[in-house]
Amino acid sequence: MFIEPFTNNEFLRLSLVAGILVAITCAIAGAFVVLRGLAFIGDALAHGVLPGIATAMLLGISGVIGAAVGSLVMMAGVSVVSRRFRLSGDTAIGLLFVGMLALGVMITSRSSTFVGDLSRILFGELLGVNSGDLVLQSLALVIVAIVAFIARRPFLLLCVDEGLANTSGFSSRLFHNLMLTIVAITVIASFQTVGTLLVLGMLIAPAATGALFARRISTVMLIASLVGSISTYFGLLISYHFDLAAGASIVLTTVLIFAMAATYTEIRNMITDNNHEEHEHPHTHAGSHVR
Amino acid sequence: MIDAAGFTIKAEQLAVGYTKFPIVSKISLDMKPGELLVLIGTNGSGKSTILKTLAGLLKPVDGNLEILGAAPGSLPKRVAYLPQHPVSTHTLPLRVRDVIAMGRFAHLGLFKRPSSRDNQIVDNSMHLTGIESQANEPIRDLSGGQQQRTHLAQVLTRQAEVLLLDEPTAGLDINGRKLVADLIASERARGVTVVMATHELHDAESANTVMLLAQRVVSIGRPEVALRDEFLRECFGFTQPH
């Protein structure tokens, strides 16, 4: 029940490997998304690639190239709108986000297989991955890991205090853009497996679970990788046994793990707080005996 | 590296602000190693804007400014800046020691590994600010005063030649305020130039220069000159009790 589906089906083994590669890549990029508060721009990047992929599909070229162009347009657009028009980052991201999403749906609607194409872009085709997808995902993981390692100090400073990054000799603008680039690479490489809609779940839920327990970014990444990989395994099993969508099953599992972890930490904190109060006010109980 | 005349900070007709419209203008300054400049004024008077400009976070609106003979912000290893910190609510419960160690990043850059000397500097800064017993605690669990001590320790780990401190005594109790005064005195004794923004008039007692601000330079000079009653009345609307 837990092992046989993977030993008996090659496509499921490939899906598991692809899912774990996505989980680890998303864990690295997602740690920065969660700790620097980039969830909204991550969401916008995930949807901003839609018109690029749709155009690429219509032209018959690789969706990855389309996704890369879409994310570049999205990042440049957010930068220009927020600087030139003195709008807050959120407003600029929101404007570009809905604009790109609408454009993507419009372009996809020109396709004769509109619903199928849109569904494939939004939710991915984890059960249909091939060895070429695995190579691309592995390459993305290596690039994201190397950049995150080299830029670990400025990235940490950006998560804590942007001014401190600048006064420490690291350009906050340069490293912020580099951080967005690794989020974009993650989205571009992962859309074929989990889709543009669900990749955000893989970016946020495992890293948010890690942030509940970790005191260092590297530990957040480690926990997020484990949560993402375990979710991939159980999500695929659920998908196989109950004939449910694979990508959605995986992402829902990550969110459920986060919910369980958050409940556990809440209960633990309540118990700790009660114990502190007992230690700080011991006379409340002892006093009654003395009297 | 200080300029030929031995100045660590040199400003000529400097104007500072967030846009092309200055908040404070016509600032002229010459500071030497070991000197203390205290900026005093009401909220919004321009104290933090001057410090941010000295730190290189804001471009001067007009005039000339050199820190250690170079453009502001170009010598991160030799200039340390303590901003006004809100109480930490970071998502990540960073340990106090890790926050303090970030002060060495300017020296380590992207690739250098922290040496035993770097670790020693971090330990010494924690000792000097009296925060060593909280070294492994998450900074967000500490009181405002303890968080301020942590940020002070972070600034000290830079081992800078110019310290820019924005209200370093904010949130500190009497012991904490004395600690800051002692730290500034010892840093000056080793030749460090200190610029400090404060609301406390008594912080200016040991300063070489005091600048009284009210969106303009009301007075500048030695404390007994810059803090004369007529200047204080002009700046705050009251004078010091004698």
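Tutor: Start with chain B: its secondary structure comes to eight helices and nine strands. This is a predicted model, where local features need pLDDT of at least 70 and side-chain atom pairs count only at pLDDT 80 or more, while totals for chains, interfaces and linings use all residues. Residues are numbered from 1 along each chain as its sequence is written, and chains are lettered from A and ligands numbered from 1 in the order in which they are written.

Student: What makes a run of residues a helix or a strand?

Tutor: Both are DSSP runs, numbered from the N terminus: helices are H or I with at least four residues, strands are E with at least two.

Student: How do you know whether the size of chain B agrees with a compact globule?

Tutor: The rule is 2.2 Å times the number of residues to the power 0.38, and the radius of gyration is taken over C-alpha atoms. For 242 residues that gives a value near 18 Å; chain B has 18 Å, so the two agree. Its C-alpha trace spans about 50 × 40 × 35 Å along the principal axes.

Student: Why is B:Gly176 called buried?

Tutor: Count the other C-beta atoms within 10 Å, with C-beta atoms placed from the backbone: 20 or more is buried, 12 or fewer is exposed, and in between is partly exposed. B:Gly176 has 20, so it is buried. In chain B, 47% of the 242 residues count as buried. B:Gly176 lies in helix α6 (residues 174-189) of chain B.

Student: What is B:Gly176 in contact with, leaving aside its neighbours within four places in sequence?

Tutor: B:Gly145, B:Arg149 and B:Thr169. Contact means that the C-beta atoms, placed from the backbone, lie within 7 Å. The C-alpha atoms of B:Gly176 and B:Arg149 are separated by 7.9 Å, and these residues are 27 apart along the chain. Across chain B, take contacts between residues at least 6 apart in sequence: 68% join residues at least 24 apart.

Student: What makes β5 and β9 of chain B edge strands?

Tutor: Two strands pair if DSSP finds at least two bridges between them. The open sheet of six strands has the order β5-β6-β7-β3-β8-β9 in chain B, with mixed pairing. β5 (79-82) and β9 (217-221) each have a single partner strand, so one side of each is left without a neighbour in the sheet.

Student: How do you know that β8 and β9 of chain B pair?

Tutor: Strand β8 (residues 209-213) and β9(B) share four bridges, in the antiparallel sense. B:Leu213 has B:Val217 as its bridge partner, and B:Leu212 has B:Ser219. Three residues lie between the strands of this hairpin, where B:Gln215 takes a positive phi near 60 degrees.

Student: What lies across β3, β6 and β7 of chain B?

Tutor: α6(B) does, running at about 155 degrees to β7(B). Axes are lines fitted to C-alpha atoms, for helices over the stretch in contact, and angles run from 0 to 180 degrees between N-to-C directions.

Student: Why is A:Asp243 called exposed?

Tutor: A:Asp243 has 7 other C-beta atoms within 10 Å, and 12 or fewer means exposed. A:Asp243 follows α12(A) and has a positive phi near 55 degrees.

Conventions
Contact = placed C-beta atoms within 7 Å.
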